[in-house]
Amino acid sequence: MNNGPAERPSRFPWPPALMVLFAALAWLGSPANQPDTWQLWLGAGLAIAGLTLDALGAAHLLRHKTAVLPHRAASTLVSSGVFGISRNPIYVGYVAILVGIAILRPGLISALCVCTFAILLLKLAIEPEEAHLSAKFGTDWQDYAERVPRWFGPL
C-alpha cells in the first residue's frame, strides 16, 4: 500500500511504459517515407543523444545505489553528474528520442506523440517524483530544485 509520497512516487513505472507506447505510435502511425539526409542525421543523432543521456542517468543512479525505476523509492538524492544540469536527464533523453523519431517519421501523429508524452510525463511521473523527493529529503531537495532546472535551461 502506498502511504503517501514519502514511501514511493507511484505504483506504476509510467515513463518507460509511456515511452515504448508513444515511440511505437509515432513510428507506426507516421508515413514511412525515405528521410532526407538532414532528417536522417538529425533524427538519428537526437535519438542516439537521448539513449546516451538515458544510459548516463541510469548509470549515475546505480553508482549512487538508488532506485532507477521511477516507481521505486529513492534512497539517495542524486544531484551530481547529469543530474547537476537537469533534474530529469533520463526523461529529457526520452523526449529527445521521440523528437528524433518525429524527425525521421514526420507527421501529425509523431508531433502529437511528442507533446502528449511530455504532458503525461510531467503529470504522471515528474510531479509525483518531486513530491516524493520533497517529502523524503526536505530542504536538501528544495535547494537542489532551486539550483537545477527540471528539464534544461530555465525550464
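Student: How many Å² does the accessible surface of the protein come to, and what percentage of it belongs to carbon and sulfur atoms?

Tutor: This is a predicted model, in which local features need pLDDT of at least 70 and side-chain atom pairs count only at pLDDT 80 or more, while totals for chains, interfaces and linings use all residues. Residues are numbered from 1 along each chain as its sequence is written, and side-chain values use heavy atoms, with hydrogens and water left out. By the Shrake-Rupley method with a 1.4 Å probe, the accessible surface of the protein comes to about 8,300 Å², and the share belonging to carbon and sulfur atoms is 69%.

Student: Which pattern does the protein follow along the sequence?

Tutor: Helices are DSSP runs of H or I with at least four residues, and strands are runs of E with at least two, numbered from the N terminus. The protein has 4 helices and 0 strands, and read along the sequence its pattern is α-α-α-α.

Student: Why does the radius of gyration of the protein agree with that of a compact globule?

Tutor: The radius is taken over C-alpha atoms, and the globule rule is 2.2 Å times the number of residues to the power 0.38. For 155 residues a compact globule would have a value near 15 Å, with which the protein agrees, its own radius of gyration being 16 Å.

Student: How are the rings of Phe12 and Trp14 paired: stacked, tilted or edge-to-face?

Tutor: Rings of Phe, Tyr and Trp (its six-membered ring) pair if their centres lie within 6.5 Å, and planes under 30 degrees apart count as stacked, over 60 as edge-to-face and the rest as tilted. By this rule the count is 5 aromatic pairs. For Phe12 and Trp14 the centres are 4.7 Å apart and the planes stand at 65°, so this pair is edge-to-face.

Student: Is Tyr91 buried or exposed?

Tutor: Tyr91 lies in helix α3, residues 89-104, and ring pairs link Tyr91 with Phe22, Tyr94 and Phe117 into a cluster. Buried means under 20% relative accessible area, exposed over 50% and partly exposed in between, with a 1.4 Å probe and protein chains only. Since the relative accessible area of Tyr91 is 6%, this residue is buried.

Student: Which residues does Tyr91 touch, not counting residues up to four places away in sequence?

Tutor: A contact means heavy atoms within 4.5 Å. With residues up to four places away in sequence not counted, Tyr91 touches Pro15, Pro70, Leu121, Ala125, Ile126, Glu129 and Trp151.
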